[in-house]
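Dear colleague,

Please find below the structure that I am handing over to you.

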Amino acid sequence: MKKGYTYLLGAAGLIALASCGKPQKQPTALPPTPVNVAEVKKQNAIFYEEYQGTVVALNSVELRSQVSGFITGIFFKEGEVVAKGKELYEIDRRKYIAAYNQAVANQASAEANLVKAQKDVDRYTYLEKQDAVAKQTVDQAVATFGTSKAAVEAAKAQVESAKTDLSYSVITAPFTGRIGISQVKLGAQVSPGTTLLNTISSEHPIGVDFVVNEQDIARFYNLQKKGTDSTFKLQLSDGSTIYNKPGKILAIDRGVNNQTGTTTVRVEFPNGDDVLKDGMSCVVKVLNDQSGRQLVIPYKAITEQMGEFFVFVSLDTIAKQHKVKLGPHLGADVVVLDGVKEGDKVITEGFQRLRNGGKIVLGNPNAQQGQQQAK
């Protein structure tokens, strides 16, 4: 039995010795990856933050009657701009004219009674001095004079009330603006304060409201203090037309909504061409505070991993991966706020096969890929 084990061990030793004598194959080193690079450059980068906005008239009012009656006149063309003071609607005026005339007549009668009462007071006062009339008669004359005087004041007030009602029977434009489609027709009956006749709104200038987070309020207050008119632009609802007339902050709402943590900012824009209409949706473009000289690279150099952004920077023959903080897009380029410096060479093509510290060579990555596919 011992002799058999000896033979086996000897054979194993010979095999091991034979294997040690053969040269081992070394792992083949990967060739450098061909890449294309672009230089990190500083350039003027003007970019805007965007907010959803709504066009609002700075002055708008619903026209309602303050007296009752039937519509007897409509004196405007729907949708036109009407001047302040222009007559728009007329309500049947006949009873208001009659009421005014009656009030004027009542005032004249009261004034006549006042004159008579004044004369009675003068007469009885003279007679009293002559002991020709009782004191009681004089007192009655003085009381009648006071009553007549009060009646005159009441008559005057009635005249003013009737005059006001008569003026309310013609509804005029409270300011210059564009009037809408009439909500009533000729002959329609209207009630004071309830029947909507029409709406009129100003157009030039006009406002745009948009909502901002409470973290941004301080910035907009600073913009309001500066009074700048080059910070705000509009993109109209068609998505392509830019309204290039600059705006400025007109108002910031009094407080923050405690449920949403937002407040409303109103920007005023000139609107002489009547492009902006009340209620229109738009995008407010607010000039970013970081606009100016910024580092810019092609966006195709960016890779994203777990919500973070990286680029590969060429260091001669080695590629190093850098985490970067991105700013706004500028067409095919992007602003880089942190992670690279001016003059760095970022890899724009070929980095898909790279790892941090991998070897690179300047070349055509697409050509190498075509060769590999041909093989």
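**Confidence of the model**

Where pLDDT is low, the predicted coordinates should not be read in detail. For the protein, the mean pLDDT is 83, and 86% of the residues reach 70 or more.

**An open sheet**

An open sheet is formed by 4 strands in the order β4-β11-β9-β6, with antiparallel pairing. Its edge strands, β4 (60–64) and β6 (81–82), each pair on one side only. Strand β4 is joined to β11 (residues 196–201) by 5 bridges, and Ser60 stands opposite Ser201 in β11.

**Salt bridges**

The whole structure contains 13 salt bridges. One of them joins Arg178 and Asp274, at 3.2 Å from N to O. Arg178 lies in strand β9 (residues 177–179) and Asp274 in the loop between β15 (262–269) and β16 (281–287), so this pair ties together parts that are 96 residues apart in sequence. Arg178, Asp274, Glu203 and Lys277 are linked in a network of salt bridges.

Another salt bridge joins Arg123 and Asp120 (2.8 Å, N to O). These residues are 3 residues apart in helix α2 (residues 94–129), and therefore separated by about one helical turn. Arg123 is partly exposed, at 43% relative accessibility, whereas Asp120 is buried, at 16%.

Yours sincerely

Conventions. Residues numbered from 1 in each chain as written. Predicted model: local features only at pLDDT ≥ 70, side-chain atom pairs only at ≥ 80, totals over all residues. Heavy atoms only, no water. Pairing = 2+ DSSP bridges. Helix = DSSP H or I, 4+ residues; strand = E, 2+ residues; numbered from the N terminus. pLDDT = per-residue confidence, 0-100. Salt bridge = Lys/Arg side-chain N within 4 Å of Asp/Glu carboxyl O. Buried < 20%, exposed > 50% of the residue type's maximum accessible area, 1.4 Å probe, protein only.
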